[in-house]
Amino acid sequence: MTGAPPTGSLLIRGGRVVNSDDERDADVLVEDGTITAIGTAIGTRADRVVDASGLYVLPGAIDPHTHIDLDYAGSRTVDDFTVATAGAAVGGTTCVIDFAMQEPGASCGAALATWHGKLERTPPLVDVGFHIALSEFDGDRTPAELVEVAGQGVTSFKLFMAYKDDVMVDDQALFRTLQIAREQRCLTMVHAENGDAIDVLVRQALAAGHRETIWHARTRPPLTESEATARAIALARVAEAPLYVVHVSCREALDAIVAARRAGAAVWGETCPQYLTIDSTWLKREDGAKYVFAPPPRTPADQEALLRGLAQRDLQAFGSDHCPYQYETEKALAPDFATIPSGGPTIEHRLQVLWHLGVNGGRLSPSDVVDLAATTPARLFGLPRKGAVAVGGDADLVLWDGSRELELSATTHRSRADHSMFEGMTVRGAAHSVFVRGRPVVEDFDVVGEPGLGRFVARERFTPPTTNRRSVAPTAPRRSDGH
């Protein structure tokens, strides 16, 4: 898949350009899909001129954590690549990295071929990369398979430390993958929960007659996450390999990452919007099955710790973990908490929630948001042409209106899911216009791009990024009307 070719030139005038380390008023010139000039005296000669007065000019956000068109445990997520990337685009995301899930007994190459087929059948509106998600490790063939997929631009491997008797791997498999990733200059990702302990707790709860949704959280307590996080970090340090911990949900797991980084470990942590907005009491609601995801929602104190961790860069990336199932026909019909499909629709509102809680809440600057949602993911996952408004980079650009208010709802989101994880939440800040390699995919807050505008992106080998810790004070872009 090549994606639509860039054409002509584009001049974005009068906006406030935001990168991870600075903000400045500047114009941006794009030629044939690439940023060729940034400054205040570029001129006006272009095939198209866009007035960005009163708007921020952000690099397109990168979502490193999605589950699109996933068939798992008898259920299939409801968004294909066309639908999911339309939601991503209108939310300000111009590149997603999805998990190509290895089927038991199948090769990593077969998983990658399956996901390429999905991308061909339902063409994306934004760029797409893949991780390989391992469900098993065969010592005779898996090492060579990982080398092969890395050569095809799939330079990150995910393993599950949970979901026993399904996709959970043991420590030996994790350790060998870490070693191979180090040798191949790739990045290992982990879903960190102690699957053995959780399996015991789930079986005991069901045997005691507990079926209620709240037991999803009670059988996955924070210590099962922090133990697995610390164990994965220890194995990565022995292997001298980099590690990325997905969807950190609690203070205890965050503490393990902080301690390791202070000791010099090459570990990075990610959290997601649902962990900042939903707490475990929501599982007690009549519709609590909507909020089943793993790790489970925690407490308001954990939400505060995660926000502080993002502000201090103790967490370095912000993903969506978009994994949408239907509520009425799947989640609500599960006989007990242990069989509810895990996940929800989050791809569209990831950047909106981060901006609202962070910038509007006084916790983050616009540059912080860019760093967490675009720049660091680009650096971690081998996308050097993305994640910054920079000369020579892809013209993946977002004109962001910091004053635009939205009420989030299943009646307006692009996902096919029949519910929203953020129903009724009002946020301020949204993407007015979005460009993928200089071509418009969103205008006036609505999707205008066609399927196929996005393409598969082969990613480069892992290079440790430098962490941006400088917080730039929030500054509103100047509006042409003087307000």
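Which aromatic cluster do Tyr 56, Trp 355 and one more residue form, and what is that residue? Select Tyr 56, Trp 355 and Trp 400: together they form one aromatic cluster. Rings of Phe, Tyr and Trp (its six-membered ring) pair if their centres lie within 6.5 Å; planes under 30 degrees apart count as stacked, over 60 as edge-to-face and the rest as tilted.

Before moving on, a word about what you're looking at. This is a predicted model, where local features need pLDDT of at least 70 and side-chain atom pairs count only at pLDDT 80 or more, while totals for chains, interfaces and linings use all residues. Residues are numbered from 1 along each chain as its sequence is written, and side-chain values use heavy atoms, with hydrogens and water left out.

The structure holds 10 aromatic pairs. One of them is Phe 160 with Tyr 163, an edge-to-face pair at 6.1 Å centre to centre and 65° between the planes. Phe 160 is buried at 6% relative accessibility, while Tyr 163 is partly exposed at 22% (buried means under 20% relative accessible area, exposed over 50%, partly exposed in between, with a 1.4 Å probe and protein chains only).

Now pick Tyr 275 and Phe 293. Their ring centres are 5.3 Å apart and their planes sit at 85°, so this pair is edge-to-face. It links distant parts of the chain, 18 residues apart: Tyr 275 is in helix α9 (residues 274-277) and Phe 293 in the loop between α9 and α10 (300-311). Helices (H or I, at least four residues) and strands (E, at least two) are DSSP runs, numbered from the N terminus.

**A buried arginine**

Next, click on Arg 220, in the loop between α6 (215-218) and α7 (222-239). Is Arg 220 buried or exposed? Arg 220 is buried, with a relative accessible area of 9%. Its side chain makes a polar contact with the side chain of Glu 193, at 2.8 Å (a pair of N or O atoms within 3.5 Å; within protein, one must be able to donate a hydrogen and the other to accept it, and residues adjacent in sequence count only if both atoms are side-chain atoms).

**One side of a helix**

Finally, show helix α3 (residues 142-150), whose buried residues are Thr 142, Pro 143, Glu 145, Leu 146, Val 149 and Ala 150. They cover an arc of only 160° around the axis, which puts them on the same side of α3 (the arc is that of the directions from the helix axis to the C-beta atoms).
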